[in-house]
Amino acid sequence: MSEQMASAPKTLRFATFNVAMSADKSGELFSQLEEGTHRRFANIAAVIQHSQPDVLLLCEFDHPGNGGDDGMLAFFQNEYLEKSQFGQLAIHFPYSYLPATNTGLSVVEGEEISVSPERAHGFGRHHGQYGFAILSKYPLDIENCRHWQKTTWQDYPGSQMPESYFLNKGLESIRLSSKNHIALPVIVGDKRIHLVACHPTPPVFDGPEKRNLRRNADELRLLHDIVTNAPFLVDDSGKRGGLDSSEAFVIMGDLNADPVNGDGDKAMIRTLLSDLILHDVQPQSEGATRSVSDSRMRGKGRATHNRGLRLDYVLPSHHLKPINSGVFWPKVDDALAPFIYNESGKPVPGRSSDHRLVFVDVIL
């Protein structure tokens, strides 16, 4: 047994980072990575290297969509993460996982999604666009990963689905999760910590039926039901319930929901964050406080997005003790500022991503 497996570390760093590494054509992003001329990818890698997470969730990372690997994740690791970027310490993740995703997966078999991505189970112009990936320094028990990818929206108890809108388009069988909802065990010594990951649809780009706002709220409710072991849940393998109350977990993802600001239905994210089953650590950064100019954005130090919204989360369960947290958002005059700011001192997606990496350190 390896030394890593024999004993657990004193602390673990969990991080979420929406890297915005997606393109409208399948394989386009991989081609850009291979060119090696886009500084944005090196900046993204530098942010990860600077933060040195033990377990990392990458949101908006294109892949084939069915859970397979086209080599892009391995290439990003080998050519970017495992090579020092701008003086940062290279990082190696021996374990990785690409969960299947609903993005770009046609609701009606045989349809061409690139013409109408709204007719997919999750918005995407090709299967796998906006998917998510997991990197870890500790073993991932992929065989025992649970998925709620196929749960249909209209059949979910208490569904807010505007059924007539989807019925008129022949899409009444659309799934609830816009990407996937998973509970993946991470093996740390003799302990198991479930990484509960998802990326709900943004609650905007709506018509009067408010389909995206409603779906975001229901995706958050599914997330909450998983970690509170709702008895009516049935995962994709037919197993009932969610996580047992004795099981430690860390929720990670771009939840596209700010409890104070923004356009979403704030009730569900507030319900999740206030549940005593988890720690709402509220990571902050001084850079966000200085960069978010809108004085109406309350709690802007907690922002994880250029618009001043708190969208990205790392939420450890009560079994774990959080001891440190943060958002990678340096001040304009910081030495790390070029990773996200342009020459005018503005944070722009072209430098890295429109989101920031969020981390929480925990003691087992």
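Where is Asn229 found? Select it to start the tour. Asn229 sits in the loop between helix H6 (211-227) and strand S8 (248-254). Keep in mind that this is a predicted model.

**Stop 1: Asn229**

Look at the backbone here. Asn229 is not a glycine, yet its phi is positive, at about 60°. Most residues other than glycine have a negative phi. Now show the surface. Asn229 counts as partly exposed because its relative accessibility is 31%.

**Stop 2: Gln282**

Jump to Gln282. The loop between helix H7 (266-274) and helix H8 (286-291) holds this residue. Gln282 is another residue other than glycine with a positive phi, near 60°. Is Gln282 buried or partly exposed? It is partly exposed, as its relative accessible area is 30%.

Stay on the Gln282 side chain. A polar contact of 3.3 Å links it to the side chain of Asp280.

**Stop 3: Asp280**

Select Asp280 next. Asp280 lies in the loop between H7 and H8. With a relative accessible area of 23%, Asp280 is partly exposed.

Zoom in on Arg310. Its side chain and that of Asp280 make a polar contact of 2.8 Å.

Asp280 and Leu222 are 58 residues apart in sequence. From C-alpha to C-alpha, Asp280 and Leu222 are 18 Å apart in space.

**Stop 4: helices H3 and H4**

Select residues 39-51 for helix H3 and residues 72-81 for helix H4. Two packed helices are described by the angle between their axes and the distance between the axes. For H3 and H4, the angle is about 80° and the axes are 10 Å apart. That angle makes H3 roughly perpendicular to H4.

Show the side chains where the helices meet. On the H3 side, select Phe41, Ala42, Ile44, Ala45, Ile48 and Gln49. On the H4 side, select Phe76, Tyr80 and Leu81. By class, this contact of H3 with H4 has eight nonpolar residues, one polar residue and no charged ones.

**Stop 5: Ser136**

Move to strand S4, residues 132-136, and pick Ser136. Is Ser136 buried or exposed? Ser136 is buried, because its relative accessibility is 0%.

What does the side chain of Ser136 reach? It reaches the backbone oxygen of Tyr138, at 2.7 Å. Now display the surroundings. Leaving out residues up to four places away in sequence, Ser136 touches Asp54, Val55, Phe93, Pro94, Tyr95 and Val186.

**Stop 6: Cys59 and Cys198**

Finish with two cysteines. Select Cys59, then Cys198. Cys59 is buried, since its relative accessibility is 0%. Cys198 is buried too, with a relative accessible area of 0%.

The cut-off for the pair of sulfur atoms is within 2.5 Å. The closest cysteine sulfur to that of Cys59 is in Cys198, 8.4 Å away, so it is too far for a bond. Check from the other end. For Cys198, the closest cysteine sulfur is in Cys59, again at 8.4 Å and too far for a bond. By this rule, the model has zero disulfides.

How values were computed
Residues numbered from 1 in each chain as written. Predicted model: local features only at pLDDT ≥ 70, side-chain atom pairs only at ≥ 80, totals over all residues. Heavy atoms only, no water. Helix = DSSP H or I, 4+ residues; strand = E, 2+ residues; numbered from the N terminus. Buried < 20%, exposed > 50% of the residue type's maximum accessible area, 1.4 Å probe, protein only. Polar contact = N/O pair within 3.5 Å; in protein donor to acceptor, adjacent residues only side chain to side chain. Contact = heavy atoms within 4.5 Å. Axes fitted to C-alpha atoms, helices over the stretch in contact; angles between N-to-C directions. Parallel < 35°, antiparallel > 145°, perpendicular 65-115°, else oblique. Nonpolar A, V, L, I, M, F, W, Y, C, P; charged D, E, K, R; others polar.
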